[in-house]
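I opened the notebook to look up a few things in this structure. The entries follow in the order I made them.

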Amino acid sequence: LEVKTGERVSKVEKTDSGFKVSTENGNDFETKTILVSSGSSRRQLPESVKNAKELEHKGLTYCASCDGPIFSGQDVAVIGGGNAALETAAQLLAYCKSVTILQRSAEFRADEITVEKVLANPKAKALMNAEITEVLGDKFVSGLKYKDPESEHELKVTGIFVEIGQIPNTAFLEGAVELDDYNRIKIDYKNQSTNTPGIWAAGDCTNVKYHQNNIAAGDAVRALEDIYLYIHKNS
């Protein structure tokens with residue numbers, strides 16, 4: 001096993017014998033198989049939102065599955081209007097005192113049935129056309145400020161869950177594998193293979209529904225099992 005650290009892949013190309021992986025350092029690596037596990041980056045609040053960076057991981061978080069139970073019995077906010085935001089709100093409603101969903105446009109992007117189910121809970125509330133301007137707090141989150149077409153408002157919460165999308169780290173794969181509309185790698189869910197023989201992908205860079213560390217690790221193990229069989233079959 002040879003591990004190369006400090007290398008960022010810039011391009012993957014098909015060759016007669018397999019693939020050439022090029023890095024930003026100017027190095028090339030020849031290989032017969034590739035497992036892509038480059039993950040994704042959480043889309044963060046804009047830099048214009050005051051105090052957001054300072055209170056990250058101090059009440060402002062990007063993972064309800066990881067941090068949600070910490071806020072049991074408390075008032076929290078969810079930023080976003082897609083399925084991920086509404087599903088996060090549904091999860092938090094199980095143990096939080098109240099959940100306020102703030103969506104910057106006039107309509108949710110989430111499925112209508114999901115929106116209806118979440119907002120049917122008396123502990124849930126939605127604020128539309130709400131643009132976050134500031135995260136309040138000293139050592140920990142104590143609230144937030146947002147503005148709508150009429151004026152600026154303040155909301156007291158102890159937790160803020162940001163669900164405004166993810167950016168898959170797949171730019172280096174352009175032309176090498178098939179990507180979906182969100183630039184996630186399309187895979188066969190049975191074995192993690194892509195549409196290009198010899199390339200597999202696992203984790204948050206793929207078009208799976210749920211993104212968590214343990215799910216990504218399991219997907220990688222499934223891919224490695226298939227890669228092992230592929231190598232021995234084609235050697």
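Helices here are DSSP runs of H or I with at least four residues, strands are runs of E with at least two, and both are numbered from the N terminus. The model is a predicted one, in which local features need pLDDT of at least 70 and side-chain atom pairs count only at pLDDT 80 or more, while totals for chains, interfaces and linings use all residues. Residues are numbered from 1 along each chain as its sequence is written, and side-chain values use heavy atoms, with hydrogens and water left out.

I noted how a pocket is defined: on a 1 Å grid over the protein atoms alone, it is an open set of points where a 1.4 Å probe fits, with protein on both sides within 12 Å along at least five of seven lines, and lining residues have an atom within 4 Å of a point. The largest pocket holds about 1,100 Å³ of space, the volume being that filled by probe spheres set on the points. I found 31 lining residues, and Asn 83, Ala 84, Gln 166, Lys 209 and His 211 lie nearest the centre. Strand E5 (40-42), H1, H2 and strand E14 (166-168) are the elements that give two or more residues to this lining.

I then asked which residues of H2 are buried. In this helix (residues 83-92) they are Ala 85, Leu 86, Thr 88, Ala 89 and Leu 92. They cover an arc of only 155 degrees around the axis, so they sit on the same side of H2; the arc is taken from the directions from the helix axis to the C-beta atoms. Buried means under 20% relative accessible area, exposed over 50%, and partly exposed in between (1.4 Å probe, protein chains only). The buried residues pack against H1 (64-67), E7 (75-79), E8 (98-102), H3 (112-119) and E13 (159-162), where contact means heavy atoms within 4.5 Å.

Rings of Phe, Tyr and Trp (its six-membered ring) pair if their centres lie within 6.5 Å; planes under 30 degrees apart are stacked, over 60 edge-to-face, and the rest tilted. Phe 71 and Phe 161 are edge-to-face, at 5.3 Å centre to centre and 75 degrees between the planes. Phe 71 is in the loop between H1 and E7 and Phe 161 in E13, 90 residues apart. Phe 71 is buried at 8% relative accessible area, and Phe 161 is buried at 1%.
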